[in-house]
Amino acid sequence: MKTAQVIYENGDHRWLAIVRDPDRPGYLVDTNEYLVSVGEDAILLDPGGSEIFPSVFSALCAEYDPRRISKIFASHQDPDIISSLSMWMEFNPDIKCYISWLWAGFVPHFGGTGDTFIPIPDPGTDIPVGRERLRAIPAHYLHSSGNFNLYDPKAKILFSGDIGAALLPPGDNGLFVENFDRHIAHAEAFHRRWMGSERAKRDWCARVADLDIDMLCPQHGAIYRGADVRRFIDWFAQLDIGAVKS
Amino acid sequence: MTQAAGTGGELRRIVRINEEIKSVVATAFKINLMAMNAIFLAKRAGQAALGFSVLSNELRRFATDLQQQMEVLRQMTHGSVASVTALVKTERLNRVVDRMRDELSGQARAMIERYLRNRQTTSFVLHQEAIATQNRRLSQTIADTAQLVELGSVLARSAKIEAAYGGSFSAALMQVSSDFEHTIAEIHRSLEQLSRHHD
């Protein structure tokens, strides 16, 4: 079963990371899900694939009452991100799903109706959670053509989706990056192969370099903290991407 | 679980059970801390509170056993979520196949109808049976927990009796044992809620 760990807490404003299921089948890519709660409201970020819904739901229940989740944020359309949508809709038919307008006509194949989705325009949007406003930041073509990160200016946390992702080897399952150079070796092949646009990459790096970020939370792998956030952005900025190497 | 109750209703029921489990765990942790303080108090009271000291140790053990029991319950609810999820997937597939059947005619339609009769019913029944089995186990575990909590009540009452022999520490020991009684009564109430959500 996964565990839900508090990675940020300030009064009733919390971030939970739902991570690391030792019983996960090896053929499923490992994912991180995140919950941002402010007071009695909460948003679930990239809720996960249908195969891991029981694990995510149970881990979440141990730390938070999921009846308070009013929104889902889907960074993009991939099944490991949002194919559990039909389960979440069974649990709470009133949940709203924020996703790039590009995918609003595709993701209903995973669940939901016309009323479920709040399409995000390409420049992004603010998403209210309790008294706070989180910001959907464009990250198109990294890797999906309609792709967003989510920034919490109060917590100084950027949920970066697939950017920053690392496919960690068995046994290397720490929640946070402790040794950047050793960690980034597990991220390099993924970023070279998956990130498709040099221009989009440069734009993203410039955009997030202006943000005040204490934690960069990817959908796969470990979380970057403190100086490692800037290290990652600089590393990504100079990385050669968008080519299949034989 | 009936079709009328729905898989969504089943998930919400599991959430309500989990909220009560969390409440009991928090209270059990409180009892553990109280029992530790009681042990220190009994030590200061010396010989006069030997009996009270023994009971405080038992109450610590009770708190630990209760936390472990809640963990067992929590694991069971995880199993229930897995079964409900499988049911949701089956229902979704069945709805698609139903629509397919409605658009077909002749032999193709007859084939789909045979499929629906066999697989649909079988899968649905299997998942429902799994959920029913898990619910029976959950009931048994809740009943076992109720017995454990009854033991806790007996320990708390006994501690109150022993407190009376605590000499100059008697008043303090009585206060501590009253706190135990009230706190265990909280657990009784949570368990009753848990039982109600489960039924």
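**Questions on the predicted model**

User: In which loop of chain A does A:His143 lie?
Analyst: This is a predicted model. Strand E9 covers 132-138 and strand E10 covers 148-152. A:His143 belongs to the loop between strand E9 and strand E10 of chain A.

User: What form does the peptide bond from A:Leu142 to A:His143 take?
Analyst: The bond is described by its omega angle, which is near 5°. The peptide bond from A:Leu142 to A:His143 is cis.

User: How many helices and strands are there in chain A?
Analyst: Both kinds of element are present in chain A. The count is six helices and 13 strands.

User: Which radius of gyration does chain A have, and what would a compact globule have?
Analyst: Chain A has 246 residues, and a compact globule with that number would have a radius of gyration near 18 Å. The C-alpha trace spans about 45 × 40 × 35 Å along its principal axes. The radius of chain A agrees with the globule value, because it is 17 Å.

User: What percentage of the residues of chain A count as buried?
Analyst: A residue is buried if its relative accessible area is under 20%. Of the 246 residues of chain A, the buried share is 58%.

User: Among contacts in chain A between residues at least 6 apart in sequence, what percentage join residues at least 24 apart?
Analyst: The contacts considered are those between residues at least 6 apart in sequence. Of these, the share that joins residues at least 24 apart is 64%.

User: Is A:Glu33 buried or exposed?
Analyst: A:Glu33 lies in strand E3, residues 33-38 of chain A. Its relative accessibility is 0%, and the cut-off for burial is under 20%. A:Glu33 therefore counts as buried.

User: Which side chain forms a polar contact of 2.6 Å with that of A:Glu33?
Analyst: Not counting residues up to four places away in sequence, A:Glu33 touches several residues, including A:Lys2, A:Leu16, A:Asp46 and A:Val56. The polar contact of 2.6 Å joins the side chain of A:Glu33 to that of A:Thr31.

User: What is phi of A:Asp46 near?
Analyst: A:Asp46 is placed in the loop between strand E4 (41-45) and helix H1 (53-63) of chain A. The residue is buried, with a relative accessible area of 0%. Its phi is positive although the residue is not glycine, and the value is near 45°.

User: Is A:Lys156 buried, partly exposed or exposed?
Analyst: A:Lys156 lies in the loop between E10 and strand E11 (157-161) of chain A. Phi of A:Lys156 is also positive, near 60°. With a relative accessible area of 29%, the residue falls between the limits of 20% and 50%. A:Lys156 is therefore partly exposed.

User: How many of the eleven residues of H1(A) are buried?
Analyst: The buried residues of H1(A) include A:Phe53, A:Val56, A:Phe57 and A:Leu60. The helix is mostly covered, and the number of buried residues is nine.

User: Which residues is B:Gly152 in contact with, leaving aside its neighbours within four places in sequence?
Analyst: B:Gly152 is found in helix H3, residues 106-163 of chain B. The residue is buried, with a relative accessible area of 0%. Beyond its neighbours within four places in sequence, B:Gly152 is in contact with B:Leu59, B:Phe62 and B:Ile184.

Key
Residues are numbered from 1 along each chain as its sequence is written. Chains are lettered from A and ligands numbered from 1 in the order in which they are written. This is a predicted model: local features need pLDDT of at least 70, side-chain atom pairs count only at pLDDT 80 or more; totals for chains, interfaces and linings use all residues. Side-chain values use heavy atoms; hydrogens and water are left out. Helices (H or I, at least four residues) and strands (E, at least two) are DSSP runs, numbered from the N terminus. The radius of gyration is taken over C-alpha atoms; the globule rule is 2.2 Å times the number of residues to the power 0.38. Buried means under 20% relative accessible area, exposed over 50%, partly exposed in between (1.4 Å probe, protein chains only). Contact means heavy atoms within 4.5 Å. A polar contact is a pair of N or O atoms within 3.5 Å; within protein, one must be able to donate a hydrogen and the other to accept it, and residues adjacent in sequence count only if both atoms are side-chain atoms.
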